[in-house]
Amino acid sequence: MTLKSASCATRGLCLRTMTELDQSCSVLREYGSEQSLLSKPDGSSTFVQGDTSILAGVYGPAEVKVSKEIYDRATVEVLIQPKMGLPGVRERTREQCVRETCKAALLLTLHPRSSVTVILQVIHDDGSLLSCCLNAACMALMDAGLPMSHLFCSVTCAISKEGQIIIDPTARQEKECRALLTFAIESVECNVLMSSTTGSFSVQELQQCIAISQKASEQIFQFYRDSVKRRYSKIK
Amino acid sequence: MAAGFKTAEPLEYHRSFLKENCRSDGRELGEFRPTTLNISSISTADGSALVKIGNTTVICGIKAELTMPPSDAPNKGYMVPNVDLPPLCSSKFRPGPPGEQAQAASQFIADVIESSDLINMEELCIEKSKLCWVLYCDIMCLDYDGNLLDACIIVLLAALKNAQLSEVTINKETDLAEVDIQKKKPLKINRLPVEFCRNDKNDSIIIVDPTAEEESLSTALLTVVTDEEDRLCAVHKPGGTSLSGEKLQHCINRAITRNKEISKLVGKVIESTKTAK
């Protein structure tokens with residue numbers, strides 16, 4: 001791992017600098033995002049973390065089927081399309097996680113009897129897929145201009161067999177690790193909104209991963225702020 | 001009059017109890033409903049169990065079949081869990097293909113089985129690359145009154161402890177299954193989930209083992225699975241309102257105590273069937 005730094009490109013790319021090889025902490029991969037790339041959805045974005053890339057589209061507030069409508073709030077639907085094949089059971093659990101996180105963040109009572117649909121397409125999966133989905137969903141919801149009470153971002157931690165904690169693992173690191181933890185953090189108080197884990201780990205390791213994720217989430221929230229600032233500074 | 005209030009304003013009704021630190025059915029905030037367990041209920045299955053947590057009733061049947069091991073793990077057998085939520089258990093579920101909750105529950109159980117090394121998969125293998133056991137675990141909910149994941153895991157655990165697989169020896173070309181009942185329940189790790197429901201009515205109250213109404217009024221659900229060594233096998237919180245570090249720690253501690261209660265219960269039931277024989 002070497003020192004790397006680069007200037008920001010027009011798409012709001014940020015490279016993180018690494019100071020030294022720290023045993024128990026590592027750094028997020030190069031991440032970037034682009035908004036408003038699709039013309040039909042109300043909001044769209046891509047989010048790239050290393051080689052993992054997700055394209056998100058948001059439609060809403062829009063009409064909802066009578067069977068699904070809720071009288072006092074909007075109905076949130078999430079669809080995750082895998083790179084190959086039809087969505088299966090694994091996508092359903094991811095959809096549930098993304099949906100409940102979006103429901104907590106959006107101000108649904110402002111749009112009763114409507115629907116907000118978030119569609120996520122996996123372009124490439126190289127680890128941290130659920131995190132990338134959540135980040136792309138948040139950027140797309142921002143792009144659509146839907147009112148939210150707070151923003152959210154997501155970080156994945158992997159605990160290797162030796163006990164080292166790796167942030168934002170690649171697919172290979174995920175396969176070799178002993179446990180994989182994904183957290184969604186909210187922007188107001190940096191508390192955990194969503195947690196999805198596989199593998200076994202101790203309570204101390206859980207607390208460590210949460211602390212590391214909270215720290216990493218600050219970088220991502222700063223990136224959200226910078227992207228929005230850059231975008232709206234062009235509009236005069 | 002109370003019934004009228006409960007129908008018209010369910011949130012206020014439950015809040016009025018929570019203000020007094022208790023719940024509408026008289027339980028404490030951290031108290032579980034009485035849990036009863038019955039094993040070997042299904043005679044045609046290789047292992048089965050039925051659990052009732054309050055009104056929530058879940059049954060599990062395990063069938064073992066012989067098959068070829070998957071090519072990426074030729075020395076291991078595998079398990080196929082499936083959670084079914086039929087329209088019988090609640091008006092929430094319609095007939096037809098499994099809904100999202102059933103699919104998410106199936107995936108969760110599959111993840112927990114893998115994370116906790118519930119069964120040593122190598123023991124399910126009879127001959128490398130040729131023959132192995134596949135355990136089909138069918139979990140069906142008969143009465144849905146909240147806390148589904150907890151019941152599913154307990155019933156799966158009990159059914160696996162109860163399961164018996166016959167001994168299989170391979171002939172030169174074909175394989176012979178001898179009906180020597182060999183007890184097989186290599187439960188390497190015993191893990192129990194404790195499902196929490198967190199109500200955030202601006203008071204951030206955590207209640208344990210929610211009923212179906214409490215679940216529908218809650219703003220977040222947290223499930224913690226621990227094993228007998230107090231390691232965490234799953235911390236599952238699919239979104240909802242945020243959770244602070246201390247509340248999470250409190251939930252984990254409660255999960256660990258619940259683990260001990262359930263281990264005792266399962267142990268007692270297994271022992272009682274042994275003595276009955």
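**Reading salt bridges and an interface**

Guide: Arg15(B) has a relative accessible area of 25% and is therefore partly exposed. This is a predicted model. Glu12(B), at 35%, is likewise partly exposed.

Visitor: Which residue forms a salt bridge with Glu12(B)?

Guide: The partner is Arg15(B), with the closest N and O atoms 3.4 Å apart.

Visitor: What does the salt bridge between Glu69(A) and Arg113(A) tie together?

Guide: That pair meets at 3.6 Å, N to O. Glu69(A) lies in the loop between strand 3 (52–62) and strand 4 (75–81) of chain A, and Arg113(A) in the loop between helix 1 (89–105) and strand 5 (115–124), so the bridge ties together parts 44 residues apart in sequence.

Visitor: How is the size of an interface expressed?

Guide: It is often given as the accessible area lost when the parts come together. Here, chain B and chain A bury about 2400 Å² between them, 51% of it on carbon and sulfur atoms. In chain B, Glu100(B), Gln107(B) and Arg231(B) lose the most area to chain A, together 23% of what that side buries.

Visitor: How many salt bridges are counted between chain B and chain A?

Guide: The count is one; the side chains of Arg99(A) and Glu100(B) meet in a salt bridge at 2.5 Å, N to O. Eleven residue pairs are in polar contact across the interface. Helix 3 of chain B gives the most to the side of chain B that touches chain A, with six residues.

Methods: Residues are numbered from 1 along each chain as its sequence is written. Chains are lettered from A and ligands numbered from 1 in the order in which they are written. This is a predicted model: local features need pLDDT of at least 70, side-chain atom pairs count only at pLDDT 80 or more; totals for chains, interfaces and linings use all residues. Side-chain values use heavy atoms; hydrogens and water are left out. Buried area is the accessible area (1.4 Å probe) that two parts lose on being put together, summed over both. A salt bridge is a side-chain nitrogen of Lys or Arg within 4 Å of a carboxyl oxygen of Asp or Glu. A polar contact is a pair of N or O atoms within 3.5 Å; within protein, one must be able to donate a hydrogen and the other to accept it, and residues adjacent in sequence count only if both atoms are side-chain atoms. Helices (H or I, at least four residues) and strands (E, at least two) are DSSP runs, numbered from the N terminus. Buried means under 20% relative accessible area, exposed over 50%, partly exposed in between (1.4 Å probe, protein chains only).
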